[in-house]
Amino acid sequence: MVPKMSSAGKRGCVFFTVIAAFFVLSCNGKSGASQDAPEPENQTVSVQSELIQESSITKYLLANGNVEAKNTVDVFPSVQGKVIRAYKELGSAVQQGEAIASVDPSTPGNFFLPSTVLSPISGNIISVPLKTGTQVTAASVIATVGDLSGLKIRTQIPERYYALLKNGLKADFYAEAYPGEIFHAEVSEVSPVIDSVSRTSEVILSVSKSSARITAGMFVKIKLYLYSKEAVLTVPESAVIARGEEKIVYVLQENTARVRTVSAGIASDGRVEITSGIAGGERVITDGIDSLVEGSAVLDISEDAE
């Protein structure tokens, strides 16, 4: 005789059966969804591109410097004593043989006539280190006279550029006294040695005669042009991507992004010389490259896009 199942047992059996059925249906549904779901579409990426063509590119470096008179002379007294009078102030014009100061060589119990200190050259007083009342010797600098008709800029250039430095290199420079204005200079002297402490070479630039408002003592910022290359292919720096030791760009071909491995040359003002990997007349993608892979469908929204 089969024992009858209690009401509680029947309810438990039904609950278990429902749960089991739900689990089976869920598994089958997931399996079916994974089999029937369509593959994601290849989305079109909006990009901007640039026509690759020949242009020039210039390598330059930036440095700081100080403006000095080309010809400067320190003026010394001929006797020991006390400065009793200064005839010229800082910046004053002076002629050769003109009095700059007087020194009294008198000592207690001994009276001597004052000794006049004369300028050995014509120019301007560019330094007055000693004031009236100062005790001096024959080795003391009374003043420095500079010929401001010719100016130079003294600067220090890092050792890594030494092989590129030579007389005749052109430079632009900027002075804080004249914001936004560009002045011109040219390398006239390159030190034959490298400073072993700073690892720099001293370079002298002659200031152009057209830069008449520049004067000795000014601090300037220099843009020194090292060399130029003509008729080379260049692209924006933002278009070049580093992948390990390789550099790549994306080239636009029939609304498709294609990867090209390239070799880069010099970089200047946001552009990079490309020595191999691309050809003139192609279009390199310059914006939107973060979303690209090889073969990505693209829409070129550049103003000059065909």
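This tour moves through the structure one selection at a time and says what is to be found at each stop.

The model is predicted, so local features need pLDDT of at least 70 and side-chain atom pairs count only at pLDDT 80 or more, whereas totals for chains, interfaces and linings use all residues. Residues are numbered from 1 along each chain as its sequence is written, and side-chain values use heavy atoms, with hydrogens and water left out.

**The nonpolar cores**

Begin by selecting Ile153, Ile157, Phe173, Leu205, Ile214, Ile222 and Leu224, which have the most contacts inside the largest nonpolar core, a set of 24 residues. A nonpolar core here is a set of buried Ala, Val, Leu, Ile, Met, Phe, Trp, Tyr and Cys residues joined through side-chain atoms within 4.5 Å; buried means under 20% relative accessible area, exposed over 50%, and partly exposed in between, with a 1.4 Å probe and protein chains only. Strands S2 (54-75), S9 (143-158), S10 (170-175), S11 (183-190), S12 (200-207) and S13 (219-236) each supply at least two residues of this core, and S13 gives the most, with 4 residues. Strands are DSSP runs (E, at least two residues), numbered from the N terminus.

Now centre the view on Leu224, and show its contacts (heavy atoms within 4.5 Å). Leaving aside residues up to four places away in sequence, Leu224 touches Lys59, Tyr60, Leu61, Ile157, Leu165, Leu169, Lys170, Ala171, Val187 and Leu205. A second, separate core has 13 residues, among them Ile100, Val117, Ile121 and Val145. In soluble globular proteins, nonpolar side chains tend to be buried together.

**Rings and charges**

Next select Tyr60 and Tyr225, which form an edge-to-face aromatic pair, 6.2 Å centre to centre and with 65° between the planes. Rings of Phe, Tyr and Trp (its six-membered ring) pair if their centres lie within 6.5 Å, and planes under 30 degrees apart count as stacked, over 60 as edge-to-face and the rest as tilted. Tyr60 belongs to S2 and Tyr225 to S13, so that the pair links distant parts of the chain, 165 residues apart. Tyr225 counts as partly exposed because its relative accessibility is 25%.

Then move to Phe173, Tyr178 and Phe183, which ring pairs link into a cluster. Here the charged end of Arg213 sits over the ring of Tyr178, 4.6 Å from its centre.

**An open sheet**

Select strands S6, S5, S3 and S8, which form an open sheet in that order with antiparallel pairing; two strands pair if DSSP finds at least two bridges between them. The edge strands are S6 (115-118) and S8, each of which pairs on one side only. S5 (residues 99-104) and S6 pair over 4 bridges, and the bridge partner of Val103 in S6 is Ser115.

**Salt bridges**

The structure holds 12 salt bridges, each being a side-chain nitrogen of Lys or Arg within 4 Å of a carboxyl oxygen of Asp or Glu. Select Glu294 and Arg258, whose side chains meet at 2.8 Å, N to O. Because Glu294 lies in the loop between S18 (283-287) and S19 (298-300) and Arg258 in S16, this pair ties together parts that are 36 residues apart in sequence.

Glu282 forms a salt bridge with Arg260, the closest N and O atoms being 2.6 Å apart; at 18% relative accessibility, Glu282 counts as buried. Arg283 forms a salt bridge with Asp304 at 2.8 Å between the closest N and O atoms. Arg283 is buried, at 13% relative accessibility, while Asp304 is partly exposed, at 46%.

**A loop with positive phi**

Finish at the loop between S15 (246-253) and S16 (256-268), where Glu254 lies. Phi of Glu254 is near 50°, and phi of Asn255 is near 60°. Most residues other than glycine have a negative phi, and most peptide bonds are trans. Glu254 counts as exposed because its relative accessibility is 78%.

Definitions and conventions
Lys NZ or Arg CZ within 6 Å of the ring centre and 35° of its normal.
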